[in-house]
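I opened the notebook to look up a few places in this fold.

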Amino acid sequence: MATKPVANVKPNVHRAWWKECTVYQVYPASFKDSNDDGIGDIPGIISKLDYIKQLGVDIVWLCPAYKSPQVDMGYDIADYYSIAPEYGTVEDVERLIKGCHERGMKQLMDLVVNHTSDQHEWFKQSRSSKDNPYRNWYVWKPPKYDEQGNRQPPNNWISHFQGSAWEYDEHTGEYYLHLYAKEQPDLNWEHEPVRKAVHDIMRFWLDKGADGFRMDVINFISKDQRFPDAPAKDPSQKWQWADMYYANGPRLHEYLQDLGKILKEYNAFSVGEMPFVRDLDEVLRAVRFDRNEINMIFNFEHVDIDHGEFDKFVPGKWKLTDLKGMLESWQRFMYDNDGWNALYWENHDQPRSIDRYTNARPEHRTVAGKMLASTLGLMSGTPFIYQGQELGMRNVPKEWGMEEYKDIDCLNHWNDHRVKDANNPALLQMYREEYQKKSRDNARTPIQWTSAPHGGFTGPNAKPWMSVNPDYITVNAEAEVADPNSVFNYWASVLKLRKKYLDIFVYGNFCSIDRDSEEVFAYTRQYADQKALVVCNFTDSSLQWDPVANGIDRVTDVLLNNYEDTETAFTKVAGKQWTLRPYEAYVLLVQP
């Protein structure tokens, strides 16, 4: 029998405006097309600002919309001061910022400065000759040669998009580093002019009214300057993961301190994408309140939960206790050490959460989406909602062929293995099944606005850049906004609750209960003598849950329930055993 948890209440937490916010992430290509060319654009986003405001969010994060060849959907930037023509103009971004501010929302830009596009003028100059003034703006190294005299890359690092992380340049006879696509060369942050250029970019957009930045793989900007070979963890592969040498490098905090000074000057918001963070002291140096570096980070532990050991497109097994343990450790750590969490299930790189974290059948889509909103939205930290998540959008259909996929990571993987493993159809089929579960395309299908052709994302005679999920007939914003029992309106209720009980759900402590359950995710939030319980059934079956055995003596009010018959909810919790229906979630005020 579980013991009653002891509350660890710390009322004197540091308060900040960004702790009390919720962020809505917009992926411009897939949000709303205003000119019927099949590609979402900034005027389309502006046309839907009232919809975003109605959800109850406070900050709108715009994924990269800068000028780009779009090798990696805008994360390969050719000009930080221009907007891609397919998305609009700088003036359109200014109108977006103004529109957010008029509605009481803030606007966040995406800062992608670990790498640029190979079409950026900096890189064109850098590769033109070894003595060009821009040569040191990127990471160039001479070749190595094996015993047979064959040219080899400087080390054995693997790219995140398959293959070597080094590309040979015939013109100058050296390799350049690219941790992602070969069209995304890494900047050399050791070179002071690079850092100054980044500072200038930040000021440019902050001066235009932007309220801060999401910072792409920001912990990759400082690398071990020895560039040694990585340990051969996967002996079957020539190229190896080297994150221990390029993530959280020796000068990271020096660089972040410089960025933090600019952010503090503008009272701006920042969230850092920081993969491969395993040293908790390293995290604290970045996000502790008194450090003035960045406000919070995205950690990756819970979104890597279903990855294979060496390859994300290999099945990985996990249990609910694994997920709970990961989330609880970050909750407790940040609360106890004056840090802050960025809370997310989904983003542009992750599959849809209903499919990843539940086994919900179509008839359970709505309650499962609401249950996940309850779990995430009331934890300690700043919630991030990715476009379409508020509608309960799902992964791409299982029937889709590879011709429907656009994700460079997924396609590189497929093109490599369909040749290498041509004689192993079972393995190829396994990869195909994993793409449907994990490909970044799952998050990138266009938003389903109506039941009209193409889900109302673009005109009926246009061809969307990516196919719309065919379930748009029933899953769309128009229907959900009008339905008080929809996933959209439930998310809005969660965000209202978070603001109404600010002390509890923003500044209160977090305590996991019933930790050993593989079916129920339950936790309490407490601030002084105010205490709430969130209890969620992560299964598609009804089950019994004992509140008394988990330290809950008395319920004083039902704040939220994800089934439609909320009026009866209070009578249900009066007994000793609570019946939790499939994917049911309760949010309750309880006796401290």
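**Entry 1: S451.** I looked up S451 and found it partly exposed, with a relative accessible area of 41%. For my own use: buried means under 20% relative accessible area, exposed means over 50%, and partly exposed lies in between, with a 1.4 Å probe and protein chains only. S451 sits in the loop between helix 14 (425–438) and helix 15 (477–482). I noted that helices (H or I, at least four residues) and strands (E, at least two) are DSSP runs, numbered from the N terminus. Which residues does S451 touch, not counting those up to four places away in sequence? I found Y472, I473 and N476. Contact here means heavy atoms within 4.5 Å. I also checked E478: it is 27 residues from S451 in sequence, and the C-alpha atoms are 8.1 Å apart in space.

**Entry 2: ground rules.** The model is predicted: local features need pLDDT of at least 70, side-chain atom pairs count only at pLDDT 80 or more, and totals for chains, interfaces and linings use all residues. Residues are numbered from 1 along each chain as its sequence is written, and side-chain values use heavy atoms, with hydrogens and water left out.

**Entry 3: the whole protein.** I counted up the secondary structure: 18 helices and 22 strands. The radius of gyration is 24 Å, close to the 25 Å that the globule rule gives for 592 residues, so the protein is as compact as a globular protein of that length. The radius is taken over C-alpha atoms, and the rule is 2.2 Å times the number of residues to the power 0.38. The C-alpha trace spans about 75 × 55 × 55 Å along its principal axes. Of the 592 residues, 62% are buried. I then looked at contacts between residues at least 6 apart in sequence; 72% of these join residues at least 24 apart.

**Entry 4: F510.** Is F510 buried or exposed? F510 counts as buried, at 1% relative accessibility. This residue lies in strand 16 (residues 509–513). Leaving aside neighbours within four places in sequence, F510 is in contact with E328, Q331, R332, M379, Y523, T524 and R525. I picked out R332: it is 178 residues from F510 along the chain, yet their C-alpha atoms are separated by 6.6 Å.

Entry 5: I took helix 16 (residues 487–500) and checked its length. At 1.5 Å a residue, its 14 residues should span 20 Å, and its end C-alpha atoms are 20 Å apart, which agrees. The expected span is 1.5 Å times one less than the number of residues.

Helix 6 (residues 192–207) came next. Its 16 residues should span 22 Å at 1.5 Å a residue; its end C-alpha atoms are 23 Å apart, which agrees. Its buried residues include V194, H199 and W205. After helix 6 comes G209, with a positive phi near 110 degrees.

**Entry 6: positive phi.** Most residues other than glycine have a negative phi. N248 is not a glycine, but its phi is positive, about 60 degrees. I found N248 in the loop between helix 7 (243–246) and helix 8 (252–265). N248 counts as buried, at 18% relative accessibility. D514 is not a glycine either, and has a positive phi of about 50 degrees. Its place is the loop between strand 16 and strand 17 (520–527).
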